Amino acid sequence: MNIALPAVIIFLFLLPGFIFRTRLKRAERTSLDFSPFGQVVAEAVLWSVLAHYLALWAAESWFSLRIDPLVLMKLLSAAPQSQAEATAAVAADFPWLARYFVTLFVASFGVPTLIRFAISRYRLDRSSAPWGTLFRFHEAPWYYLLTGADFSEREAPDFIIVSAIVEVAKEAVLYVGMLSEFYVNAEGQLDRLVLQNVSRRPISRDKDGAHADSSDGERFYQVDGDTFVLRYSEIVTLNIEYVKLTPG
C-alpha cells in the first residue's frame, strides 16, 4: 500500500483553493497567517470545490474530457491492487490531466488577482458601498486609512496630509507633510511613512503667547530635502487629513 499517494492526490486537489485564497486576500501581514486553522482550511476547500467544478464542467463541455470518479476513489484506496489499476489509468491519460492541473493552477493565481484589482479599481470595498462588507479586505486597515480607498471615485482625495508628533531631544516636534508612500512590517504593523514637502515646529510654540497670532508660515520651518521618512515606532500621535482640490 502506498500511503503517500493519497496524500499527494489530496494535496493536488486542494492546492488551487489555497492559491486562490492567498491571491484574493489583501493582507498587510507578510509573516505567517494567524487566521484560525479551521477557517483557512474551510475557505481553501470551498474555493477548491468551486474551481474543480468549473474546470471539470469546462473540460467536459468544450473538450469532451472527464475524470472518472472510480479511478479517483481507487487512487485514495488502501488496497494495493486498486491503487495499481488507478495509477495505470492515470498514466494513460496523463497528458490531458497534466494540462488540466496546470491550467487550474494558473487560473487559481490569475483570476483572484483580477478580481482583487477590479474590487480596488471600482472601490467596491469601501465602507459605504452596497456590498462593501462582503468585498472589504479586513486584514488591511492601513491600506484604507492611508490611501483614501474608503471614498468613492468622485470623492477620492487628491492627496493626503500627515501630521505627526515626534519626540526629538525630549521635546515634542510636529511634522507636517504630504504622504507619498507607506510601508508595513512583516507583522502587518505600520513601519514607516514617506513624506514630501515637510515642515516642522516645536509643539511648545503653541503655548507661546508671542507666537499665538503668528501665521503658519512664521511658526513652521521647512525641512530641506525631497523625501522625509518617519518611523511609526517614533511617532507619538498621528493625524490624517484628506485633501480634495476643487476647481477655482
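This is a predicted model: local features need pLDDT of at least 70, side-chain atom pairs count only at pLDDT 80 or more; totals for chains, interfaces and linings use all residues.
How many aromatic pairs does a search of the whole structure find? The search finds 10 aromatic pairs.

**Aromatic rings**

Phe151 and Tyr242 make an edge-to-face pair, with 5.0 Å from centre to centre and 65° between the planes. Phe151 belongs to the loop between H7 and S1 and Tyr242 to strand S6, so this pair ties together parts that are 91 residues apart in sequence. Phe151 is partly exposed, at 27% relative accessible area. Tyr242 is also partly exposed, at 29% relative accessibility. Elsewhere, one aromatic cluster is formed by Phe13, Trp96, Tyr100, Phe101 and Phe105.

**Nonpolar cores**

The largest nonpolar core has 18 residues. Those with the most contacts inside this core are Leu146, Tyr175, Leu179, Leu193, Leu195, Phe228 and Leu230. Helix H7 (141-147) gives two or more residues to the core, as do strands S1 (159-168), S2 (171-184), S3 (190-202), S5 (228-231) and S6 (235-243). A second, separate core has 7 residues, among them Ala55, Tyr100, Phe101 and Leu104. Tyr100 and Phe101 of this second core are also members of the aromatic cluster.

What does Leu195 contact, leaving aside its neighbours within four places in sequence? Its contacts are Val162, Gly177, Met178, Leu179, Ser180, Asp226, Thr227, Phe228 and Leu230.

**A patch on the surface**

Leu50, Tyr53 and Leu54 form a nonpolar patch on the surface, and together they have about 330 Å² of accessible area. Leu54 is part of helix H2 (residues 37-63). Its relative accessibility is 47%, so Leu54 counts as partly exposed.

Side chains of opposite charge can pair when their charged atoms come close. The count in this model is 8 salt bridges.

| Glu85 | Lys74 | 3.2 Å |

Lys74 and Glu85 meet in a salt bridge. Lys74 is in helix H3 (residues 69-75) and Glu85 in helix H4 (residues 80-92), so the pair ties together parts that are 11 residues apart in sequence. Lys74 is partly exposed at 25% relative accessibility, and Glu85 is partly exposed at 39%.

Salt bridges that share partners bring Asp191, Arg192 and Arg231 into one network. Asp191 is partly exposed, at 23% relative accessibility, and Arg192 is partly exposed, at 27%.

The loop between H7 and S1 also holds Ser152. Is Ser152 buried or exposed? Ser152 counts as buried because its relative accessibility is 15%, and buried means under 20%. Leaving aside its neighbours within four places in sequence, Ser152 is in contact with Arg123 and Arg126.

Note on methods:
Residues are numbered from 1 along each chain as its sequence is written. Side-chain values use heavy atoms; hydrogens and water are left out. A nonpolar core is a set of buried Ala, Val, Leu, Ile, Met, Phe, Trp, Tyr and Cys residues joined through side-chain atoms within 4.5 Å. Buried means under 20% relative accessible area, exposed over 50%, partly exposed in between (1.4 Å probe, protein chains only). Helices (H or I, at least four residues) and strands (E, at least two) are DSSP runs, numbered from the N terminus. Contact means heavy atoms within 4.5 Å. Patches are made of residues with over 30% relative accessible area and no salt bridge: like charges are joined within 9 Å, nonpolar side chains (Val, Leu, Ile, Met, Phe, Trp, Tyr) within 5 Å. Accessible areas come from the Shrake-Rupley method with a 1.4 Å probe; for residues, only the protein chains shown count as cover. A salt bridge is a side-chain nitrogen of Lys or Arg within 4 Å of a carboxyl oxygen of Asp or Glu. Rings of Phe, Tyr and Trp (its six-membered ring) pair if their centres lie within 6.5 Å; planes under 30 degrees apart count as stacked, over 60 as edge-to-face and the rest as tilted.
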